[in-house]
Structure formats: structure tokens, C-alpha cells
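Q: I would like to learn how to read a sheet and its salt bridges from a set of coordinates. Could we go through one case step by step?

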Amino acid sequence: RVRYVANGIDVASFARERAPAGLRAELGIARDALAVVSVGHLRPEKNLGRLFDAAATAVRGGTDLHLIVLGDGSERAPLEARAAEAPLAGRVHFL
């Protein structure tokens, strides 16, 4: 059996045609770059390492990609260390 459970948040009410340019400019992210945002606790079970792997693969393939990470937790220091290494150096922004 498969049962669909709708998201409890009306995401359409938060939609914008374009994100504000202010944060991109502040972080040094080009307007046409792909920005991927992660919001949540930085804990092992969240496996942000997998997101970092995918981002690194995309960057190696030529995608102008930046990660914006909002959150804190036990994995923050290891993730910050990984973010400082190529090819993600300068492309991961912790807020």
C-alpha cells in the first residue's frame, strides 16, 4: 500500500519569482549560479556529507554551485573542514 501524506506547509505562499539579490551579493554568489540551501540540525543522521558529495560532483562537472547551510550541531566542525577543501572551497556558506 502507498499512502500520500501532504506537506503541512503551504509552500506556495512563500514562493517568489526571484530570490532577493542581497544575500547572494553578501555571500559572493553570482546571480546565475545555482544555490542549494539546507536548513536543519547538523547531526550525523542528516547525512549532509551526501549533499557535499553531490555538490562536489556537480562542481567538478562544471556547475557553478554554492551550498548555503543554516543550522548547527555536532557535525558543524567536520562539515566546515570539508567545505574548506577543493572543490567546495569558497562555495559553502554557513549561516
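Q: In what order do the strands of the open sheet lie, and with what pairing?
A: As a general idea, strands of a sheet pair through backbone hydrogen bonds, either parallel or antiparallel. In this predicted model, the open sheet has 3 strands in the order 1-2-3, and the pairing is parallel. Strand 1 (34–39) and strand 3 are the edge strands, each of them pairing on one side only, and from one strand to the next the twist averages 20 degrees.

Q: Which strands does helix 2 lie across, and at about what angle does it run to strand 2?
A: Helix 2 lies across strand 1, strand 2 and strand 3, and its direction makes an angle of about 160 degrees with that of strand 2.

Q: Turning to the side chains, how many salt bridges are there?
A: The idea is to look for a side-chain nitrogen of Lys or Arg within 4 Å of a carboxyl oxygen of Asp or Glu, and by this rule the count comes to 4 salt bridges. One of them joins Asp 53 and Arg 82, whose closest N and O atoms are 2.0 Å apart. This pair links distant parts of the chain, since Asp 53 belongs to helix 2 (residues 48–60) and Arg 82 to helix 3 (residues 76–83), 29 residues apart.

Q: Where do Asp 64 and Arg 91 lie, and what does their pair tie together?
A: Their side chains meet in a salt bridge with an N to O distance of 3.1 Å. Asp 64 lies in the loop between helix 2 and strand 2 (65–70), whereas Arg 91 lies in the loop between helix 3 and strand 3 (92–94), so the pair ties together parts that are 27 residues apart in sequence. Asp 64 is partly exposed, its relative accessible area being 34%.

Q: What separates Glu 80 and Arg 76 in helix 3?
A: Glu 80 forms a salt bridge with Arg 76, with 3.0 Å between the closest N and O atoms. Because the two residues are 4 residues apart in helix 3, about one helical turn separates them; Glu 80 is partly exposed, at a relative accessible area of 36%.

How values were computed
Residues numbered from 1 in each chain as written. Predicted model: local features only at pLDDT ≥ 70, side-chain atom pairs only at ≥ 80, totals over all residues. Heavy atoms only, no water. Buried < 20%, exposed > 50% of the residue type's maximum accessible area, 1.4 Å probe, protein only. Pairing = 2+ DSSP bridges. Axes fitted to C-alpha atoms, helices over the stretch in contact; angles between N-to-C directions. Contact = heavy atoms within 4.5 Å.
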